[in-house]
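User: I would like to learn how to read the features of a protein model, going from the overall picture to single residues. Could you take me through one as a tutorial?

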Amino acid sequence: MFSAPVTAIKILPNHRICLAGTGPYVLAFDLTTNQQLLQKKILVDSIVHGFEARQITKENDDSSYVIVVFGQRTFSIIQWSSIFPSLLTTIIPQIQCPSWIVSALIVDLDPLIQSFTVLFGTALNQIYRYNNSLELIQSFKYTTLYSSCLFRHMNGSIIFAAGTVFGELILYEQESNDHFHEKSTISDHNGAIFSITYHDNLLCTVGDDRTVKLYRFHDNLELLASFFAHEARIWQSCLTSKHILTCGEDSSIRLWSHKSTGEMLRCFSVHRCKSAWCMDILRDNDDNKPLIIISGWSDGGVRRYHPDDVPIDSVENILLNQIAVNDYPRNVIFLNSLKMIVQMNGGQLLKIDNQNVTSFYDGRNSLKNGYAKMCVASDGNQYIAIGSLDGFVFIFNQNGIIINQFQIDSNKNNKILQILWLNNTLSSKLLVCVPDGIMFIYNITNQPATVDHCLEVLPDFEQRWPNTCLHLDKYNLLLIGDRQGNILSYDLNNQLNCSIYQRFERLHGINGTSSIDIDENTNLIRSCGRDGYINIFSINAEERKLLHQSTFTITSDITWLDRFINFPSLITCFTTNNFSLYTLDDQTKRRLMHVECGGGHRNHDFFIEKNLDAYFVYIRNKQVFLARKNLTRILNEETCLSKIPPTHGTEIRCVKLFQSNNRVYMTTGSEDTQIKLFTFQVGKSNPQCEHVSTLQSHLSAVCDIVVIDNLFFSCGARAQIFSWQMKSNIVVRSGYFMLHPLRRRHGGGGGGNINDENKKDNSDDDHGLDVRFTSIAAISAAAENGNYLLFVTASDAVLRIFRYTLSSNRFTLLRTSSHSEYCQLRVKVYSTRHIAFVSSTDGLLCAYDFSSLDNTIPSTSLKVHQSGINDFDLIEINENNSLRLASVGDDGSVHVSIFDINNWSWKREYLKDHFHQSPATGIRFINSTMFVSIGIDQRLKLWTIKNDEQVLELTKNYLVDIRDILSMDMIFCDEKNEFIIVVAGAGVQTIQFDLKNCLFYS
């Protein structure tokens, strides 16, 4: 498995083939079948940053492309053929360039004799030429370039466009003697220029100042358009004769017209913490617009978008005046399919069936001049209930016949503020709310309807009524989400008066909870609200109580989530004046529908048919509008083309491997606050990887994860710990701890319980919100089934020992200890003799004896590194009497030490100074005499301890392809009879190690 940021995209248009560069690899995709054709390593120890392609046609109708692949200071020339589309042939192996390459142009080629002339623009404002050998042909004035573009102008001359870090755009033109002269210089950007694009006499630049500049280029540059395009830095642009396409750091791709002040036509966005690094477009025959957009993202995803996926297919105004003259609509709701019920101000109820408007009920006496509440049952007979402001409730069948009616009997104002059908009751139970938060559940099978339950009133609030409810018939609970943002659980086991059994106060802020339902894929309960957040819950079956699992958002600009849709898994939402429909799947999250409706406060409803026709009906300017969008293509076509599922958009700080039910699992934690769980099969070819779950609860970076039994624990910044339980590939949060819990506007109660028995320990002087939990280890508590001891290191130099009780999801802080004033980095536990080992930034390794937690914990330490110890591992070497510890640190050194358990003493054994050329970040024992280490230098080193010769020998070096490595892990795979090593940083990669043949491969 290999996943890293995608940094280059190139489409070969005549065959609809897309090339993508990720790390040193080139991937090829067939855009007709949406299949990945190949993955091949082209550049060694370099990242692919760009492609330059030229099509050639041979006599046997073999249409091929010669492709220059370049990145950093290297390039290679390869060939792709339509006869063998799953192969890339290397023509010119990798060649080193003295300077960083930022652009290339194939000037001339003769495929028969494999003669190529290629120009390269470099970051030092130079031009190199390759023709059998690489030579510098010209250096221009000294400056640093972040971007450049080599192209043939329409007059045939070659232009070198250079974008400097100071915002200058410099154009150089080639003369007949191959010499370039400066043609023009402009400074329209306030910051570095990140991309220059040329197409058909048009030149476009984008940069650090978030602006787009479009020029017409003949002899001089004429500025045609200048506008702000993104909320963050813009990485690249593409051009057609009528459109500009931009992508950037704000997780969006945007389509613009050529208007001088910018006109955004489309916006394609992915959730937060993902950057769109690069893209290319497949143009139509007339070159007027892009047909397909292929983009490369920082999470390793290659995604496709269709610009012709319009926000809606159609919107129509439904005329009602022929039936209700001089009247206007107040309320609208879907009855079933495209049948709608409209309540008019005059009291009439109209039925709309395929543009055919008929009278459903004449309510001019009972519903006149009132805002009635309407609700359609989701099961059973699908009755429609209507409540009036004078306390009457009418129950209609699908044909407009009243099958029951009654009036609310209340000593106070009986104005009906809300009516909601209870699900799973076959249209028999109805929740009715009147002023002061008074609620009743009526049984409408009786004539007239009778009260089954009187619910405890809602918490005091100005707008005191429920927005949504969910009936959990298995537990006989009713969940209610109100206008105050609370989620309340009522126990319906009581015969008449039902009290609040559990409450989550203001979980969705003061704007209210909008929807509660059950996710059919995971059987977890989820809620959303007008604060833009989704909350996930599991349920404790024995106590019949909800456990808060996680909180996440769709995108940062959506602050009003409206309703969950289960077919398929979608959610409706609003942004200012617009309605939007989004997918909920984390890996393919995208917007499907967009309607300018005036905002969510207007009356509206949504419906989706089985043929994936989606309908949104709304009232605006006293008229009814119906918007339609067919979702078949956008839902059935994979957005992400990569075989390997995307990972994280920011650096991965920790990774862990474990085996369960004969499968290998990998869990990762990142700066983006997410934890991802994957399962994969490891083989010598065609690795299969599958995304299992994305977990979101951390407020800041996830620093470490530990796995034990079917649990795993995560810790991170903001001094947080979370426990997670995996059941048949479904992961639920089973508890959490935080030194100083925050009262967040979208947060609240729920989840695991935080023990407050040791208030002094939980609030000692040095624990601000800046405390970062850096590492965590876990062991089963002896003779206590379901209890675990957790060891947590922190940036405040304190080791904390917790007990976690699975039955109550409770964390109890047992003891704290410290051995220095420096930040602690890693903790490992030798459970057999109750010893915890801790490393810190001052180069110390410390052993703690936790055999008794009632007294002060004894400790002893050894100075082994000059600076921080980033990782260490331990192994038993002498029948429970001695341990061997291997460590690596910021000094790039590898140390091996012996810890004598009986004498409680340290001994230095072996030392290899500065064997990693940069900080070393990971180390794992294979057996008592062999271990592997990894560093930011990307060198995976195999070490062998030769006891007879008393030496530590470097046995093997293996170059991994992931940059900025921060973590590693390793397990032995029984099925393959080999070790699996995973490294993570700017991406993630697995490597197999065959111990018998002493061989690394990936």
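Predicted model: local features only at pLDDT ≥ 70, side-chain atom pairs only at ≥ 80, totals over all residues.

User: What share of the residues counts as buried, and how much accessible surface does the protein have?

Analyst: A residue counts as buried when its relative accessible area is under 20%, and 61% of the 1002 residues fall into that class. The accessible surface comes to about 39300 Å², and carbon and sulfur atoms hold 44% of that area. As for contacts with a separation of 6 or more, 46% of them are between residues 24 or more positions apart.

User: How many positive and negative side chains are there, and how far apart are the centres of the two sets?

Analyst: There are 89 positive and 103 negative side chains, and the centres of these two sets lie 3 Å apart.

User: How is a pair of aromatic rings described?

Analyst: Two quantities are used, namely the distance of the centres and the angle of the planes. The structure holds 52 aromatic pairs. One of them is formed by Y146 and F194, which are stacked, with 5.7 Å from centre to centre and 20° between the planes. Y146 belongs to strand β14 (residues 145-152) and F194 to strand β18 (residues 193-199), so this pair ties together parts that are 48 residues apart in sequence. Y146 has 49% relative accessibility and therefore counts as partly exposed, whereas F194, at 15%, counts as buried.

User: Why is the pair of F972 and F979 called edge-to-face?

Analyst: Planes over 60 degrees apart count as edge-to-face. The planes of F972 and F979 stand at 70°, with the ring centres 5.0 Å apart, so the pair is placed in that class. F972 is partly exposed at 32% relative accessibility, while F979 is buried with a relative accessible area of 10%.

User: Which residues form one aromatic cluster?

Analyst: One such cluster is made up of W560, F574, F579, F606, F616, Y618 and F625.

User: What are the phi values of D709 and C998?

Analyst: D709 has a positive phi, near 55°; this residue is found in the loop between β62 (702-708) and β63 (711-716), and its relative accessible area of 55% makes it exposed. C998 also has a positive phi, near 50°; C998 is placed in the loop between β85 (987-994) and β86 (999-1001), and at 22% relative accessibility it counts as partly exposed.

User: How far apart in sequence and in space are C640 and I294, and how far apart are K415 and I92?

Analyst: Separation in sequence and distance in space are read side by side. C640 and I294 are 346 residues apart in sequence, with 9.6 Å between their C-alpha atoms, whereas K415 and I92 are 323 residues apart in sequence, with 81 Å from C-alpha to C-alpha.

User: Where do C640 and K415 lie, and which residues are they in contact with?

Analyst: C640 lies in the loop between α1 (632-636) and β58 (652-660) and is buried, with a relative accessible area of 11%. Apart from neighbours within four places in sequence, C640 is in contact with G301, V302, R303 and P646. K415 is in the loop between β37 (402-407) and β38 (418-421) and is partly exposed at 32% relative accessibility. With neighbours within four places again left aside, K415 is in contact with S388, L389, C433, V434 and P435.

Definitions and conventions. Residues numbered from 1 in each chain as written. Heavy atoms only, no water. Buried < 20%, exposed > 50% of the residue type's maximum accessible area, 1.4 Å probe, protein only. Contact = heavy atoms within 4.5 Å. Areas by Shrake-Rupley, 256 points an atom, 1.4 Å probe, with all protein chains shown as cover. Lys, Arg positive; Asp, Glu negative; His and termini not counted. Charge placed at Lys NZ, Arg CZ, Asp CG, Glu CD. Phe/Tyr/Trp six-rings, centres within 6.5 Å; stacked < 30°, edge-to-face > 60°. Helix = DSSP H or I, 4+ residues; strand = E, 2+ residues; numbered from the N terminus.
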